[in-house]
Structures are given as structure tokens and as C-alpha cells.
Amino acid sequence: MNIKSQKDFFSGLMFMAVGIAFAWGATTYKVGDGARMGPGYFPLMLGVLLAILGAVITFKAMVVETEGGDRIGAWAWKPLFFIIAANLVFGVLLGGLPSIKLPAMGLIVGIYALTFIAANAGEEFKFKEVLILATVLAIISYLAFIVLLKLQFPVWPAFITG
Amino acid sequence: MDLISNLSLGFGVAFTPINLMYAFIGCLLGTLIGVLPGIGPLATIAMLLPATYALPPVSALIMLAGIYYGAQYGGSTTAILVNLPGESSSVVTVIDGYQMARQGRAGPALAAAGLGSFFAGCVGTLVLAAFAVPLTEVAFKFGPAEYFSLMVLGLVGAVVLASGSLLKAVGMILLGLLVGLVGTDVNSGVARFSFDIPELTDGIGFIVIAMGVFGYGEIISNLGKHESEREVFTANVTGLMPSKEDFKRMVPAVLRGTALGAALGILPGGGAVMSAFAAYTIEKKTKLHPGEVPFGKGNIRGVAAPEAANNAGSQTSFIPLLTLGIPPNAVMALMVGAMTIHNIQPGPQVMTSNPELFWGLIASMWIGNAMLVILNLPLIGIWIKLLTVPYRWLFPAIVLFCAIGVYSTNNNTWDIWMVAIFGVIGYLFIKLGAEPAPLLLGFILGPMMEENLRRALLLSRGDWSVFVTRGLSASLLAVAALLLVVVLLPSIKKKREEAFVED
């Protein structure tokens, strides 16, 4: 059996997997009947529907011819990794991570880290340029979010402010 | 005249200096972010939402409406100059607008888009004001069965409009509905699908999904392409004013676009995208005047009509939101979330219990449109400068503002972890060619649908026929079925595929 549309084939699998997972999860709650719907009723219904739909999409992807096979194409691993990593590191630095006893480093440190990590996702990386960008972003964010909008953020590292 | 007294109440609220200022800031920020290539109104609104937290509800909503319109205007500027639609509703603008820019007529194209949108916005506001009262009265007749059927209709509408595979769009909606159910069930108090994580018992935040999927997902996918694929026309924007000839062609196109957009926007599932596509199709059907440039080669009508239609449509799509509390499309779904943050439950009761807010918002939409013409046309030079900023400076800034935005919704790093997960999921959706907009709509409607289904079946003692024996509910479902049949008709199906291929 050939896969005629790669994109549809894998979307179908994704829908099936998620549908089954939700439907299975729903059966662990009280399902009830139409007149007395339990918390499991609606998710079970939707999950089953989604799984069936996913099966149909997968089946179609193996039968219906498409131009060029509708290939998924190369994954952009580099941007994917650096963007998500930048986001995670920002979160860790902003709030600290009690489980490894890392104190909160605050917004400013977080911004520098985020900019430097995220900038790796692009095609070129110039240290000086990124440094300037990070500084500009830090100043703008401080003025906009802390001074102007008065949002509650840890701005500086916890060991400085105490 | 009720309409006039209502509108004057609204303008009284909106014309206070402080609210005018917020409308202005909203428009400015909206345009600023919306102009950036690859960021549509969804990501823009999600990113700028924290900026409204500290404001009183009326001002916050006025600012949000400004952000929404600004993002749309900014999107059309990008479409014309960069050949990169920031959002689906300017997909058709790209076709002729970009050609005009290549011929050195970017100025008239921008002016046509701006003036056409302004006119359409004015008409849309009037339609909104006129329809709001009678529709609200209808809304009070709605029982749970009607609400459920209406949401089905809205979701079917969203499926019909999604570009690409219908089946996958249905899948995305179901997925959205399911994700919307995560968290504590309001009736039984059972925490569903929360894996005993306390943060998950409150459900997943809609901002987290919007930013992860539409912000991070898009950025990752954009970075996967090479920079040379983007070409910006910035140097040759000279002479904004369209010629007399241009005006003669533009005016009827704008009128047609406005009428179409205003009508389609009211339909659940309708709004900006469908309006723009329909308007462009109609313009293409009309006969070319002697000496007129053909469509697809830089015809000004191909810019004016869809831009007018999408603005009229986005204006009137507030009607189902404000009168019935049901978001007709993904952007409006985001507005529901925004309103809930400010403790306003959208629905028919808003108009009666909070008339200042309701009419003030409507009036401020008109003011916002006027401000945008003022902001956009003379200041176009500034926006063009923004387009020349290299993407490698922009994307870290966007990532940062998304991260700050999600953190500030709850002051909790949990949301930052979640947005990372949804960023990966969003990129997966893009790679699999599954359009994420229906997901967000399903996400917002999920809990509402369950609640109304539960109530309807409770009242009917488990009898499903209640949805077809009640007149209003039956006719809503009939319209939904009709819509489905229409798209599935072979001739229309082919046309629909053609229309979406042009992006």
C-alpha cells in the first residue's frame, strides 16, 4: 500500500491517536446517558467521532491520488529547537526553578538569554548585533511593561533585590 | 429614533478624551504589529492583550477593537508590499495588490485599500447598530437547543471557509472542542484530562493556544524558509492618490464589496475571509472596461473590492458575538476570551445591562476606522520603513513579547511551558497542512456546546429529536446541512479548491 498524500496520512493518524486517547480517558469518568450526561459523555462522543474521522482521512490518503504525493518536506529542526529553548530558558530565568534551587533571575536577565538563544534560529548570528538587539528589547520592555503598564514581574535577580 | 439615540449614547462614551486616546493607541499598536510580515490579527491581538489588563472594561474593549482593525489594515499593507499575506483575509488582496506594487503603483493600491476599508467600516458600523437591537430580542427566545444548533451552524461555516481539506478542518474543530474540555467540569466538579496537575484543572488558557500555535508555530515555519523568498517593494512608493480613472473604477467595486461583506459577515462562520474571496470572485465576473488591466495583473478593483468586503465583514461579524455571545470566527473567539478576562460575558444581556459599554464599543469602531485612515495614509512611509527591518531582528522580539504576554496573563511560569508545547504542536499543524483557525473556534465553543447540549437533553429527557422539533433550532440545522451540501456539490467543490489554490 502506497501513501498517496503524506500530509493527510499523518494528520489522519494524529486525529486517530488523539481521538482514541480522549475517548479512552473519557471512559474513566462517569459517562451517564443523554438525559443525565456525566462528565465523560461529551468527550467520549467527540473522541469517537475524531477517531473515525482520522481513520477516514488516513484511508483517503492511501487511496486518492495527489500531485507530487503532498509531501511534508524537511523539518526546520534548528528554528524549532532554538525558539522553544529560548522560551523555556526565559521561563526558568524569570520564575526560577525551585526543584534545582535556582533562584529567580528576573526579567532583564531573561530577555538577554531569550534574545541570544532565539537569534541562533536565524540564518546568521552576529554577536554585536544580537547584543544591541537584546539591550534595546530590555529597555523597551522595562519601559512598556514595568513603568507604563505596571505589570507584576520580578525585574532583577532575586539575590540582588533580596 | 432609537438608533440615533443609541448611537449618540455610544459616541458620548467613545468621545471622551481618555477613550479616544485608547482607541488611538490600539490602532497604532495594531498597525505596528500587523504590518510585520507573517503575523496575522490573531497573534497580534493575543500579543497585545496584556496591554489592556490595567484598563477599565470599556476602555479595554475600545482598545482591543482598535488593535483588531489596526492589525487588519497593517495586514493589507504587508500584502501589497511584500506579497506575503499576514492573514487569510488578505490572501486575495495579494494577487492584484502586489502586481500594482511591481508596476510602481503601490501608492494607489494602498490608498484604494485604505479608503475602501474606511467606507466599508462606516457602513458596517451602521449595519451593526441597526441589527443589534432586533437580533438581541431574537436571542432571548433562544433555548439551549437553539444555542447548540447555532454553534453547529457556526462550526460548519468555519469548516466551509477553511482553506484546504474539509475533512481535516472538521478534525481540527473536533480537536479544538476536546482541548476546550480539559479542566474542571462545571456540573460534576470532576477535573477532566488534567493528569492531577493543579494548573490544568483550570483548563488551558486560550492565549496560550493562540500564541503557541499562531505566534511560535508561524515563526518556526517562517524561519524554515529562506530569506530570499521575500521581496519588499519599498523604494518606489510615490504618489498616494489614485487617479480620476482609478476612482471611477474603484467606487462601484467598493460598493459591491461592502454590500457583500456586510451580508456575509453576519453569518456564523462568516466574516472577513469569505467576504474577501466572494468579492474578488464577483469582480472577476464583471466585464472589463476598455483599456482596463485584467485581473491578476494589477487591477485596482481587485484590491478595492476584497479590502472593502473584508472590513465590512469583520465589522458585522461582531453582530453574532455581541447579540448571541457566539463567536463566528477565530478572531471573535479571541475577543470572547478577552471580554471574559474583563468580566464581561458576551451575549444578549450585555446590551441591556451595560448599554454604555455596548454602544460605546460600536461608536468606537467607527472612530477607530477613521483614525486608521489618518494613521495609515500619511504615515505610510513609517510603516514601509518597518517592513525593511530584517526578520532576524524581528523574530526574537516577537518571541519575547509572546513570552511576556503569556506570563502576564496569570503571573505564572506554567503558561510559558504550555506555550512551548503549543508552539511545537502549531508547527506540526503547519507541516501537516492542517489549518489551525478552526481549532481555536472549537476550543472556545467546546464548553459552551457541552453545557447547552446537556441542558437541551435534560429538558427533553434524553430525546435527541428536540433539535429538529423546535422550529428555530431545526431551521438553523437545516441551514448548516444546506451549507455542507453546497460545498460538497462537485461544481462548487472545484471552484472552492481553485479559489484557495491562488494563495
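**Figure 1. Burial and secondary structure in chain B.** In this predicted model, 61% of the 503 residues of chain B count as buried. Chain B is built with 23 helices and two strands.

Figure 2. Chain A holds six helices and zero strands, and its elements run α-α-α-α-α-α from the N terminus on. The radius of gyration of chain A is 24 Å, whereas the globule rule gives 15 Å for 162 residues, so chain A is more spread out than a compact globule. Its C-alpha trace spans about 60 × 50 × 30 Å along the principal axes. Buried residues make up 38% of the 162 residues of this chain, and 66% of the contacts in chain A between residues at least 6 apart in sequence join residues at least 24 apart. The domain assignment divides chain A into domain 1 (6–70) and domain 2 (77–161), and the C-alpha centres of these two domains lie 39 Å apart.

**Figure 3. The contact of chain B with chain A.** The contact takes 57 residues from chain B and 57 residues from chain A. On the side of chain B that touches chain A, the elements that give two or more residues are α8 (166–181), α9 (206–224), α18 (391–410), α19 (414–431) and α20 (437–459) of chain B. The largest share of that side, 11 residues, comes from α18(B). Sorted by class, the side of chain B that touches chain A has 37 nonpolar, 11 polar and nine charged residues.

**Figure 4. The largest nonpolar core.** This core has 218 residues, and those that touch the most other members are A:I83, B:I45, B:A46, B:A210, B:M211, B:L334 and B:V399. At least three residues of the core are drawn from each of domain 1 (6–70) and domain 2 (77–161) of chain A. When residues up to four places away in sequence are not counted, B:L334 touches B:L42, B:I45, B:A46, B:F206 and B:A210.

**Figure 5. Helix α2 of chain B and what covers it.** Helix α2 of chain B comprises the 19 residues 17–35, which at 1.5 Å a residue should span 27 Å, and the C-alpha atoms at its ends are 27 Å apart, in agreement with that expectation. The buried residues in α2(B) are B:N19, B:Y22, B:A23, B:G26, B:C27, B:L29, B:G30, B:T31, B:I33, B:G34 and B:V35. An α-helix has 3.6 residues a turn, so residues three or four places apart point the same way. Among the elements that cover the buried residues of α2(B) are α1 (2–14), α3 (41–48), α4 (57–82), α16 (355–376) and α17 (380–388) of chain B.

**Figure 6. B:T16, in a loop of chain B.** The loop between α1 and α2 of chain B contains B:T16. B:T16 counts as partly exposed because it has 13 C-beta neighbours inside 10 Å. Although B:T16 and B:L81 are 65 residues apart in sequence, their C-alpha atoms are also 36 Å apart in space.

**Figure 7. B:F119, a buried residue in a helix of chain B.** B:F119 lies in helix α6 (residues 106–140) of chain B, and it counts as buried because 22 C-beta neighbours lie inside 10 Å. Leaving aside residues up to four places away in sequence, B:F119 touches B:V254, B:T258 and B:A308. From B:F119 to B:N311 the separation is 192 residues in sequence and 9.0 Å in space, taken C-alpha to C-alpha.

**Figure 8. B:N343, in a loop between two helices.** B:N343 has its place in the loop between α14 (330–341) and α15 (349–353) of chain B. Phi of B:N343 is near 65°, a positive value in a residue other than glycine. With 7 C-beta neighbours inside 10 Å, B:N343 counts as exposed.

**Figure 9. A:F127, an exposed residue in a helix of chain A.** A:F127 lies in helix α5 (residues 127–148) of chain A. It is exposed because 9 other C-beta atoms lie within 10 Å, where a residue with 12 or fewer is classed in that way. Between A:F127 and A:F116, which are 11 residues apart along the chain, the C-alpha atoms are separated by 8.4 Å.

Notes
Residues numbered from 1 in each chain as written. Chains lettered and ligands numbered in written order. Predicted model: local features only at pLDDT ≥ 70, side-chain atom pairs only at ≥ 80, totals over all residues. Helix = DSSP H or I, 4+ residues; strand = E, 2+ residues; numbered from the N terminus. Buried ≥ 20, exposed ≤ 12 C-beta atoms within 10 Å, placed from the backbone. Contact = placed C-beta atoms within 7 Å. Nonpolar A, V, L, I, M, F, W, Y, C, P; charged D, E, K, R; others polar. Expected span 1.5 Å × (residues − 1). Domains from an automatic or database assignment. Core = buried A, V, L, I, M, F, W, Y, C linked by C-beta atoms within 7 Å. Rg over C-alpha atoms; globule rule 2.2 N^0.38 Å.
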